Amino acid sequence: MNTTVRPDLYPTRVTGEAVPQPRVDPVVWGDAPGPLDEQRLARYETSGYLVLDNLLSPREVEAYRAELRRLGSDPALRASERVILEPGSDRVRSVFEVEKVSELFAGLLHSPRLTDIARQVLGSDVYIHQSRVNYKPGFGGAPFDWHSDFETWHSEDGMPRPRAFSVSIALSENLPCNGPLMVMPGTHRTFVPTVGETPPDYHKESLRVERLPVGSPGHEHLSRMAEQHGIEQITGPAGTAVMFDSNLLHASSGNITPFPRSNIFIVYNSVENTLEAPFAAARPRPQHLGNREFPV
């Protein structure tokens, strides 16, 4: 009988004190040529994020905005698990697994202009771990707490290592005042565990709350990281994209302006890093949050 225990390189959701640890994995896994030149690749490796200007043309932005409106007003889709509403509101916050409900978005998510970058950075073939469109409406788009995506994907989905990254593509202008993405550059090189056991079906709560009861680093760690690395806002016109490492600490503030901040969000994971049993949860999150239908 095989009694081998799989190693957990990034223990989290701990009891007692959470002790940050240096990342033991690369940030850039491949060395083959690709769309990113040496300078941009080095910038991504150092900072944990990279802005991709003019990824979408103005015509493409308009087409994707129309699709965004269509998805948000589809009554059957709104009644499904794929749709998350804003806290205390009936307005749509996010629609998940968009490549399954929109041929238009599927074409973009599987396009070489994105997947070629993913293969270059991750050093292997890739698949979509998660996708969604975020609406962040004006006059009430809620904030989202500081967190590392990998901490969630590791503990609740069973992603073994941070061999994944996200791409957020702006469909409206990201202004300093309408709740843009905030990052702590360089924090992707430190894994910060969080304290507390994962509640059953935690995704039903964590995707709607403004402050994460479980899964966000403690204030003392956030303060120390912010003092060491600083905080940067990612702003820019519609069509701009930002790719960022799965372990980079990031957050966004609420949007009380009239200007919505909508975006397309895609997570690419290496085919050599597919999901196992969750490392700190009783069972994995649903398929639309963590893709287990592999290959895609």
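I took a cavity to be a set of points, on a 1 Å grid over the protein atoms alone, where a 1.4 Å probe fits but cannot get out. Grid points are joined across faces, edges and corners, and a volume is the space filled by probe spheres set on the points. The model is predicted, so I kept to its rules: local features need pLDDT of at least 70, side-chain atom pairs count only at pLDDT 80 or more, and totals for chains, interfaces and linings use all residues. Residues are numbered from 1 along each chain as its sequence is written, and side-chain values use heavy atoms, with hydrogens and water left out.

**Cavities**

I searched the whole structure and found three cavities of 30 Å³ or more. The largest cavity has a volume of about 610 Å³. I counted 35 residues in its lining (an atom within 4 Å of a point). Closest to the centre of the largest cavity are Arg132, Asn134, Phe144, His147 and His250. Which element gives the most to this lining? I found α6, with four residues. Helices (H or I, at least four residues) and strands (E, at least two) are DSSP runs, numbered from the N terminus.

The second largest cavity comes to about 100 Å³. It is lined by 14 residues, and Ser168, Ala170, Asn174, Ile234 and Val242 lie nearest its centre. Strand β7 gives the most to this lining, with three residues.

**Aromatic rings**

Next I looked up ring pairs. Rings of Phe, Tyr and Trp (its six-membered ring) pair if their centres lie within 6.5 Å; planes under 30 degrees apart count as stacked, over 60 as edge-to-face and the rest as tilted. I got seven aromatic pairs by this rule. Tyrosine 44 and phenylalanine 165 have ring centres 6.3 Å apart and planes at 70°, so I noted them as edge-to-face. Tyrosine 44 is in helix α1 (residues 38–47) and phenylalanine 165 in strand β7 (residues 164–170), so this pair ties together parts 121 residues apart in sequence.

Are these two residues buried or exposed? Buried means under 20% relative accessible area, exposed over 50%, partly exposed in between (1.4 Å probe, protein chains only). Tyrosine 44 is buried at 1%, and phenylalanine 165 is buried at 1%.

Phenylalanine 244 and phenylalanine 265 have centres 6.2 Å apart and planes at 50°, so that pair is tilted. Both are buried.

**A charge over a ring**

I asked what sits over the ring of phenylalanine 265. The charged end of arginine 132 does, 4.0 Å from the ring centre. The rule is NZ of Lys or CZ of Arg within 6 Å of the ring centre and within 35 degrees of the ring normal.

Notes: On a 1 Å grid over the protein atoms alone, a cavity is a set of points where a 1.4 Å probe fits but cannot get out, and a pocket is an open set with protein on both sides within 12 Å along at least five of seven lines; lining residues have an atom within 4 Å of a point.
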